[in-house]
Amino acid sequence: GVILSRHDIDVYLDGQPMRFDYGESSGRLTCPTASLSSGTHAVEIEAIIETNYGSRTARKRWTFTVARH
């Protein structure tokens, strides 16, 4: 598997760069989201992966909905 470090990763929420915590041993990434408004939001994670053939960028994007009661 690929071991990523904190500086290999960028997280964007609705297009804005986010501060986040990354546990290298667990691979778990956490972001504070308490201030999110109701509605649909988009998350994008970008990681630079170093390989024997150079580096490449991997991206994962998804949306989620916040419902405030």
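Colleague: Which two strands form a hairpin, and how many residues sit between them?

Modeller: Strand 1 and strand 2 form the hairpin, with 2 residues between them. Bear in mind that this is a predicted model.

Colleague: What is the pairing sense there, and over how many bridges?

Modeller: Strand 1 and strand 2 pair in the antiparallel sense, over 2 bridges.

Colleague: Which residue in the turn has a positive phi?

Modeller: Asp-14, at about 50 degrees. Asp-14 is a residue other than glycine. Its place is the loop between strand 1 (9-13) and strand 2 (16-17).

Colleague: Is Asp-14 buried, exposed or partly exposed?

Modeller: Partly exposed, because its relative accessible area is 39%, and that class lies between under 20% for buried and over 50% for exposed.

Colleague: Back to strand 1. Which other strand does it join, and how do they run?

Modeller: Strand 1 is joined to strand 5 by 5 bridges, and the two run antiparallel. Val-11 stands opposite Ile-45 of strand 5.

Colleague: How many residues line it, and which lie nearest the centre?

Modeller: The lining has 13 residues. Nearest the centre of the pocket are Val-11, Cys-31, Thr-33, Val-43 and Trp-62. Val-11 is also on the covered face of strand 1.

Colleague: Which elements give two or more residues to that lining?

Modeller: Strand 1, strand 4 (28-30), strand 5 (39-51) and strand 6 (54-66). Strand 1 gives the most, with 3 residues.

Colleague: How does the lining divide into nonpolar, polar and charged?

Modeller: The lining of the largest pocket has 11 nonpolar residues, 2 polar and no charged.

Colleague: Last one, Ser-5. Where is it found?

Modeller: Ser-5 is in the segment before strand 1.

Colleague: Buried or exposed?

Modeller: Ser-5 counts as buried, because its relative accessibility is 15% and the cut-off for buried is under 20%.

Colleague: What is Ser-5 in contact with, leaving aside neighbours within four places in sequence?

Modeller: Tyr-22 and Glu-24 are the contacts of Ser-5 on that basis.

Terms used:
Residues numbered from 1 in each chain as written. Predicted model: local features only at pLDDT ≥ 70, side-chain atom pairs only at ≥ 80, totals over all residues. Heavy atoms only, no water. 1 Å grid on protein atoms, 1.4 Å probe; cavity = no way out; pocket = protein on both sides within 12 Å on 5 of 7 lines; lining within 4 Å. Helix = DSSP H or I, 4+ residues; strand = E, 2+ residues; numbered from the N terminus. Nonpolar A, V, L, I, M, F, W, Y, C, P; charged D, E, K, R; others polar. Buried < 20%, exposed > 50% of the residue type's maximum accessible area, 1.4 Å probe, protein only. Contact = heavy atoms within 4.5 Å. Pairing = 2+ DSSP bridges.
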